[in-house]
Amino acid sequence: MSAGVSLKHSLTMSLLELFMFLACFHECLSTPTDHLKSYKSTERGTVSFLPEITPSASPQPFLPLLAPSPLTPFTNSTIPKLSGLCMLNFTAAQNLMTMTSIDCWAAFAPLLANVICCPQLHATLVILVGQLSKETGVLALNRTLAKPCLSDIEQVLEGQGAGENLMQVCSIHPANLTEASCPVKDVDEFENTVNLSELLASCEKIDSVKECCDQVCQGAISDAATRLALKASDPLSMDGPHILPEHSTRVNDCKTVVLRWLASKLDPYPAKEILRGLTSCNVNKVCPLVFPNMKHVANSCGNGTSNPTTCCDAMDSYVSHLQKQTLVTNLQALDCATSLGLKLQNYNITKNVYSLCHISLKDFSLQVGSQVSGCLLPSLPSDATFDKFSGISFICDLNDNIPAPWPNPSLLTASTCNKTLRIPALPAATNAKCGLYNKYVTVYLLIASSMTIMMLLQL
């Protein structure tokens with residue numbers, strides 16, 4: 001996945017290399033207590049520029065006479081063209097919509113999709129429909145209104161700077177606003193079917209760390225969804241291993257209805273926190289990376305790793321391809337390390353090549369910063385932020401050099417709760433490094449300079 005602009009001409013390449021040299025030289029002269037400056041992302045063949053940021057003053061564009069104001073996407077939001085058919089109350093959810101547009105800001109949406117953007121967008125849809133149910137008494141939109149409402153949501157978010165293809169990026173369809181296959185959508189019928197006191201007691205407030213292991217709220221949601229699914233006129237088999245796929249789909253659809261009811265009982269922000277907390281449990285269970293063919297690594301690292309240099313060169317080359325895909329959380333990086341290790345073992349590579357080649361968890365995430373360091377997002381739910389001085393930012397950890405653990409197949413467990421490797425849910429402070437803020441790193445992107453550089457390179 002490219003994070004910058006194509007370099008088509010040798011003269012352009014020379015100018016960019018000169019700029020990179022000067023930027024790196026400047027950053028290495030900065031003290032650890034300085035805020036992050038002259039931030040950029042680099043990878044082979046592509047370069048992306050970010051201007052210097054001065055937190056205490058208005059940001060100066062990289063080319064001050066040519067660059068537009070970095071505040072443009074949010075201070076000059078375009079007026080969305082709405083269908084006039086949708087009943088969703090966007091005004092009451094204005095803060096939620098703004099937060100979603102920032103989490104899914106155009107340039108970052110594909111990179112943050114798995115961890116931040118799509119979970120936030122899904123939570124927003126649940127809350128909008130849930131809040132509407134207080135007026136309509138229905139926990140779903142009908143199929144006729146679902147399509148224009150989804151279009152209106154997209155228009156509102158795009159008008160505030162979000163990406164243009166969010167629904168495709170997050171695999172959202174009009175059916176996601178309906179009851180789908182769940183047989184219950186009326187609030188009255190819902191409340192007569194479900195154990196409301198248990199559901200509220202379990203989910204009104206959750207611990208985002210403990211919930212993923214204890215599954216108190218998730219268990220209550222599953223129980224409520226199962227009760228709703230059984231209301232179907234054609235109840236399907238639920239006997240243990242013989243559960244039909246149709247029933248599993250119906251229960252999942254009913255879980256969305258349950259979440260909408262919960263959202264209707266809470267204010268938008270607390271509801272968003274709970275929904276994001278629940279989603280993070282599923283997000284952190286799966287490695288989102290796609291592993292390309294690894295025969296080259298197998299050939300270089302097989303036979304007892306007789307040539308460590310050749311093996312590590314192959315590993316570095318392979319990992320560099322993974323680093324161009326997406327940002328991941330620290331727990332996702334652990335899952336990815338385990339997945340890759342098992343695949344390598346299937347090629348009869350028994351030696352711990354992670355230790356041999358000094359592979360760490362942050363090597364599995366997108367590389368950012370002038371020191372080309374992997375950015376690990378927190379495993380707890382987090383949001384991007386917009387600041388009038390520093391633009392769009394999000395927190396990631398560049399300093400935790402946790403070695404990637406080589407998997408032992410005999411000790412593998414299905415649950416992340418049993419992992420012996422301790423990983424902080426939030427970025428932890430480590431020793432300061434040249435040019436890096438030593439507590440955590442906030443990655444800044446100012447729209448003005450990026451767009452200006454791209455236009456200049458096309459000349």
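Helices here are DSSP runs of H or I with at least four residues, strands are E runs of at least two, and both are numbered from the N terminus. This is a predicted model: local features need pLDDT of at least 70, side-chain atom pairs count only at pLDDT 80 or more, and totals for chains, interfaces and linings use all residues. Residues are numbered from 1 along each chain as its sequence is written, and side-chain values use heavy atoms, with hydrogens and water left out.

Start with two backbone points. Q215 sits in the loop between α9 (211–214) and α10 (216–229). Its phi is near 55°, which is positive, and Q215 is not a glycine. Buried or exposed? Q215 is partly exposed, at 38% relative accessible area. The cut-offs: buried is under 20%, exposed is over 50%, partly exposed lies in between, with a 1.4 Å probe and protein chains only.

Next, H358. Look in the loop between α16 (353–356) and β5 (367–368). H358 also has a positive phi, about 55°, without being a glycine. H358 counts as exposed, with 69% relative accessibility.

Now the inside. A nonpolar core means buried Ala, Val, Leu, Ile, Met, Phe, Trp, Tyr and Cys residues joined through side-chain atoms within 4.5 Å. The largest one has 61 residues. L88, I153, F190, L199, I221 and L228 have the most contacts inside it. Helix α4 (residues 109–136) gives the most to this core, 12 residues. Another core lies apart from it, with 32 residues, including C287, I349, Y354 and L361.

What does L228 touch, leaving aside neighbours within four places in sequence? Its contacts (heavy atoms within 4.5 Å) include C182, F190, V194, C254 and V258.
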